[in-house]
Amino acid sequence: MDDFTPYRRPEVKGAILHRDALWLATLGGLFRWRDDRLEPVPGFAGRPVRALAAAPDGVLLATGERGAPLLVCDESGAILRRLPDLPAPEAKSLLVQDGVVFAGGKTGIWRLDGEDWTAVRSGRPYEVIGLAGEPGRILAFVKKQGPGRDPALAVSVDGGDRWRHVYEGSYADLARAVAGDLIVTQWGGPHRLGDAVVPRKEPVTAAAVGAGTVALIGGSKLELLHGGRCHMEMKHPAFAEAEILLLLGDHALVAGVQGALLVDLSTGLFRDLFGDLSGGAAADPSSAKVKKLFALDGGRLLVTASFGTFLSEDGGSGVWRPVHADWSVLDAAGVARAPDGVWWLAAQRGLFQSPDNGASWKHVKVTGRPHGFAELTGIAFAGGRLALATKAGLFLSGSGGPKDLRALPAFGRQLIDGLAVDGEARLIVASERVLYRVDPLDGTVERLADLPPGTEPLATADGRIWLAGKAGLFRLDGGTPVLVEAVAGPGELHASVGDGGLLAWRGDRAWLAAPGATPGAGDWRDVPDWPLGVKSAVPAAGSVIATDRQAIHRRPVA
């Protein structure tokens, strides 16, 4: 019931400039840009490729297929050889330094010694998302490590035998680029190692350093800095959320979930490389994801995808059109309506508001006090105040309005799994397997109950609270979770609310309770022909709209 084909772009996971060509690793195959055109590399169509590195005799790549083979290809893309299999999950980063192959993944760094892999740095977790080489040292960009799952920058000066952390950041302040003692981090931006920083209002999702220039993607801006000062700034919604940035002389490659853009640094114009690709190779549904569905006012539905954000004005039964947003890609965690009727959206790395019921989304630049958000996990309005659930605590707006956000001391820097608002305008908060009730006006926190792992709260229009997760669906009776037997069963249960009522689904079955129902055993109706693999769904009036991340499905209900 949708045709997103013109908008789909394969997610780019890696890029290198090797000899006369720019190579792109994507979830939809391996591609090569040369002679002013993009071409799929034969033999890799539809095969996910997750990492690339230049090798002396060609290109080293890691596929995302079963067994996660590491392959070396020649300039034409022909496979020269297969390396020994990694004794670990798939590689997320690769490097060839002085003829030695290194691979980074979720559990550490591996080095190929002859025909055997050696774990030179490991941990659970020790997730390495980038490897880089400089004369005399190897750099590892660590997404999470240690008890606090904090990011780090690891350096080895002896070929990988020993590693030292030269940077350890707070949660989600990832190192994006480094040169000497200059580092660029997600929330600290460019600064010297060891210097105190003020959190940015826009995250740095990609950066590159070279020849006295620092380039970074901050929100929807591409910035070039010389001597610490901004020399050039270009802004476009398509830049947001890019995680790859390469400086290519008078051009720059900006790439990530949105595909790949080749930017002319002298004019600010850019070329959508996959938009030029003919034959539908860039439109493989498995290489681009439809992520979340949200119900807005008047039957409007919002869908956020890895390739853009779209709106339906008729409950999902007709055309989906792209919205105007400051960031084209909104990696949404949740939406909430403010008392004045304005919709707000919490993306993982940004906050947005829509004055026109989802037709446009403006980025709201905010920071938390006394510390930053890390990433957003949920949003609500209670007692006239904005509440943000984050990976570094619960934040509430103060007298200064939505931009005056302060962390509630009771939660510190705890991960907030979810929040909802009950019928008395109090916050119901799930954090670290405990359910709390919070008064948004005075900040009073009341512990209600222990929770099974992976359980999140949601509220129906009448203010009743429900809890959904791996242990099933529960209703909150006073302060006690009570299992809803009508939809009980093995496997994780998901739930959502909308104009059509309360929806619960698991595997190939889904149930709908009409608005205002108790709901007891007799209040649930089966949703017919439920598709497998549904990740997000909304009960609209007369139908349920769902996505399995590849397409949107509509199921009429009586």
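**Ground rules.** I worked on a predicted model in which local features need pLDDT of at least 70 and side-chain atom pairs count only at pLDDT 80 or more, while totals for chains, interfaces and linings use all residues. I number residues from 1 along each chain as its sequence is written, and my side-chain values use heavy atoms, with hydrogens and water left out.

**Entry 1, aromatic pairs.** I searched the whole structure for aromatic pairs and noted 11 of them. For this search, rings of Phe, Tyr and Trp (its six-membered ring) pair if their centres lie within 6.5 Å, and planes under 30 degrees apart count as stacked, over 60 as edge-to-face and the rest as tilted. Strands here, and helices, are DSSP runs numbered from the N terminus (E, at least two residues, for strands; H or I, at least four, for helices). For burial I took under 20% relative accessible area as buried, over 50% as exposed and the range between as partly exposed, with a 1.4 Å probe and protein chains only. F4 is buried at a relative accessible area of 2%, and F310 is buried with a value of 2%.

I then turned to W344 and F381, an edge-to-face pair with 5.9 Å from centre to centre and 65° between the planes. W344 belongs to strand β34 (residues 343-347) and F381 to strand β38 (residues 376-382), so the pair ties together parts 37 residues apart in sequence. W344 is buried with a relative accessible area of 6%, and F381 is buried with 14%.

Which residues form one aromatic cluster with F4? I noted Y7, F307 and F310 together with F4.

**Entry 2, a charge over a ring.** I found R32 over the face of W23, at 5.2 Å from the ring centre. The criterion is that NZ of Lys or CZ of Arg is within 6 Å of the ring centre and within 35 degrees of the ring normal.

**Entry 3, a three-stranded sheet.** I traced an open sheet of three strands in the order β17-β18-β19, with antiparallel pairing; two strands pair if DSSP finds at least two bridges between them. β17 (175-179) and β19 (189-192) stand at the edges with a single partner strand each, so one side of each has no neighbour in the sheet. From one strand to the next the twist averages 20°, with axes taken as lines fitted to C-alpha atoms (for helices over the stretch in contact) and angles running from 0 to 180 degrees between N-to-C directions. Between β17 and strand β18 (residues 182-185) I noted four antiparallel bridges, and V178 stands opposite I183 in β18.

Strand β21 (residues 213-218) pairs with β22 in the antiparallel sense over six bridges, and A215 stands opposite L224 in β22. The hairpin of β21 and β22 has two residues between the strands, and in it G219 takes a positive phi near 65°. β22 is also joined by six bridges to strand β23 (residues 229-235), again antiparallel, with M234 in β23 as the bridge partner of L222.

**Entry 5, β1 and β2.** I recorded β1 as mostly covered, with five of its seven residues buried. Six bridges join β1 to strand β2 (residues 21-26) in antiparallel fashion, and the bridge partner of G14 in β2 is A25. In their hairpin, with two residues between the strands, R19 takes a positive phi near 60°.

Is A152 buried or exposed? At 1% relative accessibility, A152 counts as buried; it lies in strand β15 (residues 150-156). Leaving out residues up to four places away in sequence, A152 touches A140, F141, V142, Q145, H165, Y167 and E168, where contact means heavy atoms within 4.5 Å. By C-alpha atoms, A152 and D113 are separated by 25 Å, at 39 residues apart along the chain. Q145 lies in strand β14 (residues 137-145) and counts as buried at 11% relative accessibility. With the residues up to four places away again not counted, Q145 touches P125, Y126, D150, P151, A152, H165 and E168.
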